[in-house]
Amino acid sequence: MASLNLVEAINLALREEMERDGDVLLLGEDVGREGGVFRVTEGLQQTFGEERVMDTPLAESGIVGVAFGLSLLGLRPVAEIQFMGFLPPTLDQIICHVGRIRNRSRGVYSAPLVIRVPYGGGIHAPEHHSESTEAILVHIPGIKVVVPSTPADACGLLKSAIRDPDPVLFLEPKRIYRAIKEEVAQAMEPIPLGRARRVRAGAHLTMVAWGAMVREAQKAADILAEEGVEAEIIDPRTLSPLDTEAILASVRRTGRCLVVHEAARTAGLGAEISALVMEEALLHLKAPVARVTGFDTVMPLPKGEHLYMPEPSRIVRAARKMMRF
Amino acid sequence: MNFDDYDPLQGKRLQVLDPEGCADPELLPDFDDDTLRLIFRWMLAARLLDGTCLTLQREGRMGTYPPVEGQEGCQVGSALALGTGDWVVPSFRELAVALVRGVQMEKTLLFWMGHEEGSRLPRELRYLPIAIPVGSHTLHAAGLAMGLRYRGEKGAVLCYFGDGATSEGDFHEALTFAGVYKAPAIFFCQNNAWAISVPRKIQCAASSLAAKGVGYGIPSIQIDGNDPFAAYVATTAALERARAGEGPSFIEAITYRLGPHTTSDDPGRYRSSDEVERMRPLEPLVRYRLFLKERNLWSETWEEQISSEIRDWIAEGVRKAESLPAPGPHDIFDHMYAELPPHLARQKADLLDGLKEE
């Protein structure tokens with residue numbers, strides 16, 4: 001057991017998967033010599049060579065399109081897109097091919113690739129370096145979308161993503177890349193995709209949060225606990241397919257559902273979860289479903305990003321309002 | 001044939017068979033008579049099947065269809081150069097390539113009839129399903145080729161696309177990747193002069209599209225795209241380079257789309273019928289007939305006879321395609337993932353329940 005942060009845990013997962021399976025290849029901008037701009041792939045090119053850890057030309061659509069081509073042969077490419085703000089050029093490949101080839105070919109071909117994308121705000125980065133556009137991805141058929149919130153989850157979920165027979169978008173909350181340390185076992189078992197984790201148990205209110213927002217929800221829950229409100233926190237970990245049963249079971253118990261995401265509000269995943277609760281747990285509700293989210297604005301630059309990001313105080317205010325309803 | 005002898009920047013272009021049916025003996029591949037006739041037979045088969053598709057579309061038995069008429073020469077010539085271990089990454093107008101590579105005719109028919117089974121092509125064919133978003137598949141060819149190289153497999157990848165695709169960003173990224181990683185890929189551009197209504201000169205200010213390949217450090221050549229021998233010779237040379245680990249090649253085949261972009265468009269709005277009539281004598285079957293005739297390998301009777309055989313074959317293909325039932329309601333869910341996720345299982349159950357109630 002070693003105490004690892006998220007970056008180190010992802011690196012460990014990559015290393016162990018590459019040792020396990022010679023078909024696992026890494027490609028992306030600066031992932032080789034540089035070890036990635038966040039050092040997630042540090043040391044991997046030295047260990048596995050330039051053939052398996054490829055520094056690519058600066059071309060995002062190319063990285064994903066080429067990874068797709070590699071995956072058609074049964075290889076397991078893990079592509080890195082440096083920041084979610086640079087993901088848009090790849091959407092053509094993801095929407096038109098990556099998510100479709102299995103269905104298009106009636107299962108003759110599949111695309112067992114992983115696209116790793118550091119995402120989210122709160123790191124005082126320039127424009128285009130703080131986006132959280134997971135809802136766009138969740139809307140795309142044929143892919144899976146995974147977001148870890150702890151080092152151990154990152155390691156275990158990435159292993160599953162790499163072994164998954166279908167394409168997985170693996171979104172890494174870069175705000176907490178080095179903020180949390182946790183014991184991560186060597187050769188840990190993969191954590192199955194599509195299953196939520198109960199981060200904290202509570203009787204009065206269910207908070208659904210993922211990525212860096214789990215930590216904010218925890219801070220809010222600590223404050224609420226002092227006021228006698230016990231908040232339960234559910235981290236879906238996989239956004240597509242969503243573990244709806246875990247969310248519903250919790251909401252049926254607490255009667256209140258508060259979704260926290262840093263992505264924009266309209267048509268965000270909070271809206272989907274809200275609809276789900278209406279459809280499946282309406283009569284258990286003691287208050288309307290609430291959302292604490294980013295705004296339908298452009299992600300502000302660092303001087304303004306604290307106004308945009310859901311902070312514990314906003315989450316607490318929303319929770320109090322629900323309790324008063 | 002050496003790519004270096006045909007520098008596209010100097011306006012050079014490879015031609016083996018001229019429009020009068022005369023072949024350059026230096027460049028003519030050493031084909032026996034059967035093969036020479038087979039080339040004609042494939043081109044004719046594509047031409048006749050193309051006509052059948054237009055009829056089926058007019059009769060409402062097929063959806064929108066992109067005709068191949070005029071481009072059979074470069075398609076048959078290039079496809080015949082491939083070996084069994086090689087892959088084809090097509091765009092959507094490669095009817096003749098599909099036939100030569102053994103894609104069952106009914107698959108192509110089914111695709112344009114709107115049946116999902118049209119894209120279920122067995123892996124052993126090494127022929128990817130049709131890719132409609134223009135140029136996007138060139139990256140798949142680069143990736144596939146890089147994968148073959150990584151796996152130590154001998155095969156190469158032949159990727160087809162049109163002149164319009166060379167304006168797409170993905171095309172440029174594909175050439176960038178293939179060049180950098182020395183991928184055994186052949187980028188085969190069928191410059192058929194028109195991208196729907198947009199003529200070649202609006203596509204790019206470069207003097208040739210082959211010049212774009214040069215810019216990426218990739219040996220590039222312009223060929224007469226109505227000459228199946230030129231396509232064969234250039235593709236063979238490109239395959240040799242690929243197999244020797246020398247990386248990708250780019251072939252710009254200058255051809256002409258005699259028909260509309262698809263059955264949904266009216267070429268009368270953007271090009272003159274005079275232009276089309278000027279191009280007709282240059283199309284591949286015209287010159288190939290003359291070539292065969294000169295060698296006593298062609299007669300009207302022979303063409304009538306093989307046409308009749310081909311028509312029977314087409315009729316059988318159409319019968320097979322039309323006799324396949326429409327997919328069942330479960331079908332739209334069952335191939336989305338290796339394992340049906342819970343939310344899709346619920347949606348599938350909803351659909352099936354709803355249908356039961358009706």
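Predicted model: local features only at pLDDT ≥ 70, side-chain atom pairs only at ≥ 80, totals over all residues.
A residue is called buried when its relative accessible area is under 20%, exposed when that area is over 50%, and partly exposed in between. Read against this scale, A:Gly49 is partly exposed, because its relative accessible area is 24%.

A:Gly49 sits in the loop that joins helix 2 (44-48) to strand 3 (53-55) of chain A. Its C-alpha atom is 8.8 Å from that of A:Gly32, although 17 residues separate A:Gly49 and A:Gly32 in sequence.

The side chain of A:Asn5 reaches two backbone nitrogens, that of A:Val7 at 3.1 Å and that of A:Glu8 at 2.8 Å. When neighbours within four places in sequence are left aside, the contacts of A:Asn5 are A:Pro151, A:Tyr177, A:Arg178, A:Ile180 and A:Lys181.

A:Val168 belongs to strand 7 (residues 168-173) of chain A and has a relative accessibility of 0%, so that it too counts as buried. Residues up to four places away in sequence not being counted, A:Val168 touches A:Leu113, A:Val114, A:Ile115, A:Lys144, A:Val146, A:Ala161 and A:Leu193. By contrast, the C-alpha atoms of A:Val168 and A:Thr47, which are 121 residues apart along the chain, are separated by 25 Å.

One of the residues that A:Val168 touches, A:Lys144, leads on to a salt bridge inside chain A, in which A:Lys144 is paired with A:Asp164 and the closest N and O atoms are 3.0 Å apart. Because A:Lys144 lies in strand 6 (residues 144-146) while A:Asp164 lies in the loop between helix 7 (151-163) and strand 7, the pair ties together parts of chain A that are 20 residues apart in sequence. Both partners fall under the cut-off for burial, A:Lys144 at 12% relative accessibility and A:Asp164 at 9%.

In chain B, helix 2 (residues 72-80) is largely enclosed by the rest of the structure, because eight of its nine residues are buried; among them are B:Glu72, B:Cys74, B:Gln75 and B:Val76.

Where the two chains meet, 41 residues of chain B are in contact with 47 residues of chain A. The area buried between them is about 3600 Å², and carbon and sulfur atoms give 62% of it. B:Arg123, B:Tyr150 and B:Tyr337 supply 19% of the area that chain B buries against chain A, more than any other three residues. The interface also has 19 residue pairs in polar contact and two salt bridges, including one in which the side chains of B:Asp331 and A:Arg106 meet at 2.5 Å, N to O. Helix 5 (138-151), helix 6 (169-180), helix 13 (331-334) and helix 14 (342-357) of chain B each supply at least two residues of the side that touches chain A, and helix 5 gives the most, with ten residues. By class, this side of chain B has 23 nonpolar, eight polar and ten charged residues.

Over all chains, the structure holds 34 salt bridges. Within chain B, the side chains of B:Glu246 and B:Arg241 meet in one of 3.7 Å, N to O, in which B:Glu246 is partly exposed at 42% relative accessibility, whereas B:Arg241 is buried at 15%. Another joins B:Arg319 to B:Glu316, with the closest N and O atoms 2.9 Å apart; both residues lie in helix 12 (residues 300-323) of chain B, three residues apart, about one turn of the helix. Both are partly exposed, B:Arg319 at 47% relative accessibility and B:Glu316 at 34%. In chain A, salt bridges that share partners join A:Glu17, A:Arg20 and A:Arg163 into one network.

Methods. Residues numbered from 1 in each chain as written. Chains lettered and ligands numbered in written order. Heavy atoms only, no water. Contact = heavy atoms within 4.5 Å. Buried area = accessible area lost by both parts, 1.4 Å probe. Salt bridge = Lys/Arg side-chain N within 4 Å of Asp/Glu carboxyl O. Polar contact = N/O pair within 3.5 Å; in protein donor to acceptor, adjacent residues only side chain to side chain. Helix = DSSP H or I, 4+ residues; strand = E, 2+ residues; numbered from the N terminus. Nonpolar A, V, L, I, M, F, W, Y, C, P; charged D, E, K, R; others polar. Buried < 20%, exposed > 50% of the residue type's maximum accessible area, 1.4 Å probe, protein only.
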